[in-house]
Structure formats: structure tokens, C-alpha cells
Amino acid sequence: LRRALQRGLRRRRRLRHLGPDTMRRVVRQSKFRHVFGQAVKNDQCYDDIRVSRVTWDSSFCAVNPRFVAIIIEASGGGAFLVLPLHKTGRIDKSYPTVCGHTGPVLDIDWCPHNDQVIASGSEDCTVMVWQIPENGLTLSLTEPVVILEGHSKRVGIVAWHPTARNVLLSAGCDNAIIIWNVGTGEALINLDDMHSDMIYNVSWNRNGSLICTASKDKKVRVIDPRKQEIIAEKEKAHEGARPMRAIFLADGNVFTTGFSRMSERQLALWNPKNMQEPIALHEMDTSNGVLLPFYDPDTSIIYLCGKGDSSIRYFEITDESPYVHYLNTFSSKEPQRGMGYMPKRGLDVNKCEIARFFKLHERKCEPIIMTVPRKSDLFQDDLYPDTAGPEAALEAEEWFEGKNADPVLISLKHGYIPGKNRDLKVVKKNILDSKPTANKKCDLISVAKKTPDTASVQNEAKLDE
């Protein structure tokens with residue numbers, strides 16, 4: 001009898017604790033609570049790749065709807081592989097590479113407006129921009145479309161502008177950030193006096209009007225690159241001495257990852273208008289790998305991949321406290337050397353896939369697919385709002401003159417079909433301007449260039465009519 005009474009008391013206490021209101025408060029409504037991560041089968045991995053061993057905290061991998069690019073070990077300079085997505089299985093040792101750098105490659109980034117153009121930064125102090133043939137490489141590529149020279153030390157970060165065509169940012173160990181017009185091969189903005197120590201990462205905001213940086217001096221800065229002024233900065237955003245990361249979110253807030261004084265990994269959310277206190281600050285664990293954040297602006301989910309970890313944690317950012325909500329962790333056995341993140345337009349919408357990662361092991365690259373399980377076969381428009389498409393919203397010159405534009409959005413309802421990309425042409429200024437052109441060939445070229453213009457003018461007139 002006594003036992004039965006005690007059981008009844010315990011049950012009553014439990015029910016009192018979990019009243020209907022508390023239940024409502026405990027379980028937060030979110031369609032991403034059950035995001036399910038799964039590694040693909042072995043035959044869909046890219047095998048026998050000698051992934052780079054450079055001690056640099058970049059992701060070593062870049063992907064887009066056509067290709068996956070991976071920085072590899074290379075003797076006598078630096079190289080990276082570019083594989084068409086369908087070229088899975090064992091990669092032959094003699095497979096052609098992109099190998100024009102004279103020092104190890106540290107960072108690569110695909111152009112968001114042209115799926116065949118990729119930029120690479122290297123220890124040889126240069127940035128090179130490459131045009132990959134439509135069906136992938138058949139011969140090793142040694143000649144870049146353009147070489148951008150301006151840094152005095154190794155270049156560890158390259159990042160394309162999200163909305164303006166042919167605008168590329170690079171940051172080096174000379175603590176300088178240079179913004180290039182790739183179409184002319186010129187450095188148009190040079191921010192060389194804003195950072196007193198090494199820059200860990202640089203991130204553009206949604207429309208590319210601002211950048212935020214994390215630096216070794218423990219400061220997070222928000223910079224207007226065209227006015228060349230610091231809009232906001234926070235000293236000791238994370239107290240620890242190990243590398244930090246800072247990225248812009250779609251709403252203009254800044255998300256950072258770093259280490260506490262006790263070497264615990266932290267993540268924080270900041271409002272650039274008031275950087276005194278973070279909106280949210282969470283401690284995670286005591287692992288020592290740098291957390292690389294990958295952000296999806298459409299679903300407001302941040303995926304954190306620690307270098308040397310064997311897991312991917314994901315969080316949802318919302319407007320209600322505690323602002324950064326832990327969703328789940330995808331765990332595997334092997335630690336990751338680097339990570340590539342597929343843009344939204346490269347995902348399979350029929351399988352409710354909301355993210356795809358390309359995880360680098362020591363000798364292979366393994367795709368990991370994140371899905372939201374749904375019973376219906378119909379297009380899930382709540383998972384796939386219109387996303388940034390491959391069309392540039394601005395030309396480089398317009399952006400440098402001060403214009404801003406949000407990304408041009410596309411619907412993924414019928415899947416994304418890659419269109420034909422135009423070739424990247426670099427027009428060197430002031431080379432022919434100074435010399436009188438006696439050469440007939442040049443005149444022919446300029447005439448050939450003019451004729452389509454008149455045709456397009458006529459077409460426009462017809463359209464207006």
C-alpha cells in the first residue's frame with residue numbers, strides 16, 4: 001500500500017511539473033526539428049584523392065551544381081582538382097588538375113554567377129581566376145584567365161561578391177583586403193590599414209554592401225568597403241586565442257564562432273548597431289577544432305562543421321529567445337579535413353533535400369545529404385522559398401559606383417536546370433588606349449563587337465513596340 005501511495009505521489013508531482021502551458025513552452029514548433037543527415041553509399045563518393053595537408057583553416061573544398069573542387073597535395077607548387085559531380089568512384093592519379101600556382105593553394109571559391117569560373121588564393125601571393133571547360137578538364141589547366149597581383153604575403157581567403165558580376169575579394173597574411181574587378185584585372189579597393197593582425201575570415205552581407213571580418217586581434221569588424229570605413233567593431237568577441245569566424249545573416253545580424261578563455265568552443269549572435277553585448281552566447285564543448293559555419297539564408301539554419309570533428313551540428317536562428325536553437329547533430333566515424341557546401345539551386349527538391357555537404361577525409365570526399373522527411377511527393381514550398389539564382393543583379397562598375405541590389409531570386413519548383421554560362425573575358429584597360437591602332441585585326445574585332453550592339457538596340461526597339 002505504501003509503495004502504491006508513493007507511486008501515486010510521484011505521478012502527481014510529475015503531472016504538476018508538466019502542465020499544459022509548460023508542455024507548450026518546452027516543445028518549440030519548427031519544421032526543421034527532424035532534419036535527417038545521411039552519408040551516400042561508397043560508390044557515390046570520390047575516392048583516392050590526396051587532400052591537401054596545408055595547416056590553414058579554410059574548407060579546402062568548393063562545390064556548385066556542376067563541379068566539386070578540392071585542394072590537393074601537389075609537388076612543385078599548388079593544385080586543385082575539379083571534378084564533374086557525376087564523376088564518382090576512384091579518381092585516377094593522372095586525372096588533370098588546375099596547377100598554375102607556384103605555392104600551395106589555400107582557398108578556392110566558385111563564382112556564384114558563372115558555374116565554370118573559380119578563383120584560387122595561394123601562398124605565392126597571387127589570386128588566379130580560372131575558366132573550367134563545360135564538361136570538365138581533359139588536360140591539366142596551367143593558364144588562368146587572369147592573375148591578380150597585389151598582396152605582399154600569402155593569400156588565404158577569396159570570396160566572390162554575392163550580387164555584382166566579376167567582383168572578387170581577397171585577403172592575405174599582409175592584413176590587407178583587396179577588392180578586384182576581375183573583368184579588367186584591376187584592384188579597385190585596397191583596405192590595408194584596418195587590421196593590425198591576421199584576418200581569419202571575411203563574409204559579405206546579403207546584398208554585398210558590407211563585409212564583416214574576424215581577426216587574430218580578437219576583434220569582429222563590420223566594414224563598408226566602398227567608403228573604406230569601419231561601421232562597427234567588437235573587441236574580444238570571444239576571449240580565447242584560437243581562430244574565430246564571423247558571418248553575416250540575412251537579417252543583417254552577425255554570427256560568430258570562437259573560443260572562451262577556458263578554451264571552450266562558443267557561438268554568438270551580434271547586432272551590428274549595438275555590439276556591446278551579444279544577443280545570444282552559447283558554450284558548446286572543449287574540442288579544439290575551428291568551427292566552420294555554413295549558413296542557409298532561406299531556412300535560417302546554420303551548420304557548424306569543426307575541423308577534425310566527426311560531426312555536423314545545426315542550429316536554427318529565430319527572433320525569439322534564445323535566438324539560436326539547437327536542432328540536432330549528424331555524427332559519423334571519420335573526422336573531417338574540410339567541407340564543401342552546395343548552393344541551394346544544386347539540391348534535389350524531389351527528395352526534400354535542404355543541404356548537401358562534401359566532407360573531405362584523408363583520401364576521399366564523401367557527400368552528406370540533409371533531408372526533412374515528408375510523406376508527400378509534391379513540391380514543399382515551405383522548405384524551398386525562392387533562392388538566389390545564378391544571374392548577377394549588378395555589373396561590377398555599378399557596384400563600385402555605389403549601387404546596391406539584392407540577389408536575383410529563382411523558384412526551385414521544377415528543379416534547377418543549369419543554363420549556358422558566358423565565358424569570362426578580361427579587358428585590360430589602358431593597354432591599347434595609349435597606342436594608335438594601326439593593326440587591321442583590332443579594327444575588325446571592334447567592328448565585330450559593335451554589330452551585335454546595333455542588333456540588340458533594334459531588338460529592344462521591337463520589344464518596346
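Reader: Where does asparagine 205 lie?
Author: This is a predicted model, so keep that in mind. Asparagine 205 is in the loop between strand 16 (199–204) and strand 17.

Reader: Buried or exposed, that asparagine 205?
Author: Asparagine 205 is buried, at 12% relative accessible area. The cut-off for buried is under 20%.

Reader: Which backbone nitrogen does the side chain of asparagine 205 reach at 2.9 Å?
Author: That of serine 209. The backbone nitrogen of glycine 208 also pairs up, lying 2.8 Å from a polar atom of the asparagine 205 side chain.

Reader: And what does asparagine 205 touch, leaving out residues up to four places away in sequence?
Author: Pro162, Leu210 and Phe248.

Reader: Zoom out. How many helices and strands in the protein chain?
Author: Four helices and 32 strands. The chain has 465 residues, and 51% of them count as buried.

Reader: What share of contacts between residues at least 6 apart in sequence joins residues at least 24 apart?
Author: In the protein chain, 53%.

Reader: Switching to charges. How many salt bridges does a search of the whole structure find?
Author: The search finds 21. In general, side chains of opposite charge can pair when their charged atoms come close.

Reader: Give me one. What does glutamate 233 form a salt bridge with?
Author: Lysine 219, with the closest N and O atoms 3.9 Å apart. The salt-bridge cut-off is within 4 Å, so this pair counts. Glutamate 233 sits in strand 19 (residues 229–234). Lysine 219 is in the loop between strand 17 (211–215) and strand 18 (220–224). The two are 14 residues apart, and the pair links distant parts of the chain.

Reader: Next one. Which side chain meets lysine 344 in a salt bridge?
Author: That of aspartate 298, at 3.6 Å from N to O. Lysine 344 lies in the loop between strand 28 (338–341) and strand 29 (353–360). Aspartate 298 lies in the loop between strand 24 (291–296) and strand 25 (301–306). So the pair ties together parts that are 46 residues apart in sequence.

Reader: Buried or exposed, those two?
Author: Lysine 344 is buried, at 8% relative accessible area. Aspartate 298 is buried too, at 17%.

Reader: What about aspartate 382? What is its salt-bridge partner?
Author: Arginine 374, with the closest N and O atoms 3.1 Å apart. Aspartate 382 counts as partly exposed at 35% relative accessibility. Arginine 374 is also partly exposed, at 29%.

Reader: Which residues do salt bridges with shared partners join into one network?
Author: Asp48, Arg90, Lys93 and Arg363.

Reader: Stay on aspartate 48. What is its phi?
Author: Positive, about 65 degrees, although aspartate 48 is not a glycine. Aspartate 48 lies in the loop between strand 2 (46–47) and strand 3 (61–63). Its relative accessible area is 23%, so it counts as partly exposed.

Reader: And the phi of lysine 218?
Author: Also positive, about 70 degrees, and lysine 218 is not a glycine. You'll find lysine 218 in the loop between strand 17 and strand 18. Lysine 218 is partly exposed, with a relative accessible area of 24%.

Reader: Peptide bonds now. Is the one from serine 321 to proline 322 cis or trans?
Author: It is cis, with omega near 5 degrees. Proline 322 is in the loop between strand 26 (311–317) and strand 27 (324–331).

Reader: Last topic, voids. How many cavities of 30 Å³ or more?
Author: One. About 30 Å³ of space lies in the largest cavity.

Reader: Which residues line that largest cavity?
Author: Tyr200, Ser215, Lys216, Lys218, His238, Gly240, Ala241, Arg242 and Met244. Lysine 218, with the positive phi, is one of them.

Reader: How does the lining divide by residue type?
Author: Three nonpolar, three polar and three charged.

Notes: Residues numbered from 1 in each chain as written. Predicted model: local features only at pLDDT ≥ 70, side-chain atom pairs only at ≥ 80, totals over all residues. Heavy atoms only, no water. Buried < 20%, exposed > 50% of the residue type's maximum accessible area, 1.4 Å probe, protein only. 1 Å grid on protein atoms, 1.4 Å probe; cavity = no way out; pocket = protein on both sides within 12 Å on 5 of 7 lines; lining within 4 Å. Points joined across faces, edges and corners; volume = space filled by probe spheres on them. Nonpolar A, V, L, I, M, F, W, Y, C, P; charged D, E, K, R; others polar. Polar contact = N/O pair within 3.5 Å; in protein donor to acceptor, adjacent residues only side chain to side chain. Contact = heavy atoms within 4.5 Å.
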